[in-house]
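Here's a quick briefing on one protein model. Have a look at the fold first, then work through the notes below.

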Amino acid sequence: MCRPSQHQPGIVVVLPEQTDSYTGIMAICIPLSFGCPTKIKQEEVGPARICPNCHNQTVISARARTWFEFCFVPLFPFSTDHLWLCSICNWQVERKGGYEPQIAPPGYRHPAQAQTPGYGPPQGGYMVQPPPQSHGGSKM
Ligand SMILES: [Zn+2]
């Protein structure tokens with residue numbers, strides 16, 4: 001039997017010819033970031049004022065400056081606001097409106113704290129000690 005020799009040609013992958021129409025625009029991708037972060041700085045230490053939101057006397061007078069920041073480098077401030085700021089609940093209001101939080105009177109307590117007594121009833125200071133267990137005789 002004569003077997004015809006099978007001729008297997010090598011697989012030639014013909015890629016489509018890429019056209020050189022790519023104009024050589026060098027796209028420089030440098031992440032240029034700029035923003036306007038607001039930095040808040042405590043301005044003066046005055047009497048404690050009551051926050052109308054959380055009723056803690058933690059309202060401070062602060063100065064909020066908005067900086068023009070380029071690549072994380074603050075360049076110059078272009079806006080300054082004076083505001084009242086609560087350091088607990090982050091409540092804030094501009095002082096331009098003329099609103100002033102209430103100054104905490106002496107002995108002011110948080111309403112939630114004023115309702116619940118701060119000191120619990122004293123617990124019995126004596127520990128009831130269990131009677132020592134006596135082993136009735138040791139048997140060998
Ligand atoms: Zn608050």
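Buried residues make up 7% of the 140 residues in the protein chain, where buried takes 20 or more other C-beta atoms within 10 Å of a residue's own, exposed takes 12 or fewer, and partly exposed is what's in between, with C-beta atoms placed from the backbone. Keep in mind that this is a predicted model: local features need pLDDT of at least 70, side-chain atom pairs count only at pLDDT 80 or more, and totals for chains, interfaces and linings use all residues. Residue numbers start from 1 along each chain, following the sequence as written.

**Overall layout**

- The protein chain has one helix and five strands; helices (H or I, at least four residues) and strands (E, at least two) are DSSP runs, numbered from the N terminus.
- Along the sequence, the pattern reads β-β-β-β-β-α.
- Take the contacts between residues at least 6 apart in sequence: 55% of them join residues at least 24 apart. A contact here is two residues with C-beta atoms, placed from the backbone, within 7 Å.

**How the strands pair up**

- Two strands count as paired if DSSP finds at least two bridges between them.
- Strand 1 (residues 34-35) pairs with strand 3 (residues 59-70) in the antiparallel sense, over two bridges. In that pairing, Gly-35 has Glu-69 as its bridge partner.
- Strand 2 (residues 38-49) also goes antiparallel with strand 3, over seven bridges. Gln-42 stands opposite Ala-62, and Ile-40 stands opposite Ala-64.
- Strand 3 is joined to strand 4 (residues 73-86) by twelve bridges, and the two run antiparallel. On the strand 4 side, Asp-81 is the bridge partner of Ala-64, and Phe-76 is the bridge partner of Phe-68.
- Strand 4 and strand 5 run antiparallel too, joined by three bridges. Here Leu-85 has Gln-92 in strand 5 as its bridge partner.
- A bit of background: in a regular strand, side chains alternate between the two faces of the sheet.

**The two hairpins**

- Strand 3 and strand 4 make a hairpin with two residues between them. Cys-71 lies in the loop there, and its phi is near 55°, a positive value in a residue other than glycine.
- Cys-71 counts as exposed because it has 11 C-beta neighbours inside 10 Å.
- Strand 4 and strand 5 form a hairpin as well, with five residues between them. Asn-90 sits in that loop and has a positive phi of about 70° although it isn't a glycine.
- Asn-90 has 11 C-beta neighbours inside 10 Å, so it counts as exposed.

**The nonpolar core and Ala-62**

- The largest nonpolar core has eight residues: Ile-50, Cys-51, Val-59, Ile-60, Ala-62, Trp-84, Leu-85 and Cys-86. By nonpolar core I mean a set of buried Ala, Val, Leu, Ile, Met, Phe, Trp, Tyr and Cys residues joined through C-beta atoms within 7 Å.
- Strand 3 and strand 4 each supply at least two residues of this core.
- What does Ala-62 touch, leaving out residues up to four places away in sequence? The list is Ile-40, Lys-41, Gln-42, Glu-43, Leu-83 and Leu-85.

**Strand 2 and Lys-41**

- Strand 2 lies largely in the open, because the number buried among its twelve residues is zero.
- Lys-41 is in strand 2 and counts as exposed, because it has 8 C-beta neighbours inside 10 Å.
- Setting aside neighbours within four places in sequence, Lys-41 is in contact with Ala-62 and Arg-63.
- Lys-41 and Ser-61 are 20 residues apart in sequence, and their C-alpha atoms are 8.8 Å apart in space.

**Around Pro-105**

- Where's Pro-105? Look in the loop between strand 5 (92-94) and helix 1 (111-115).
- Pro-105 has 10 C-beta neighbours inside 10 Å, so it counts as exposed.
- Pro-105 and Ile-50 are 55 residues apart in sequence and 9.2 Å apart in space, C-alpha to C-alpha. Ile-50 is one of the residues of the largest nonpolar core.
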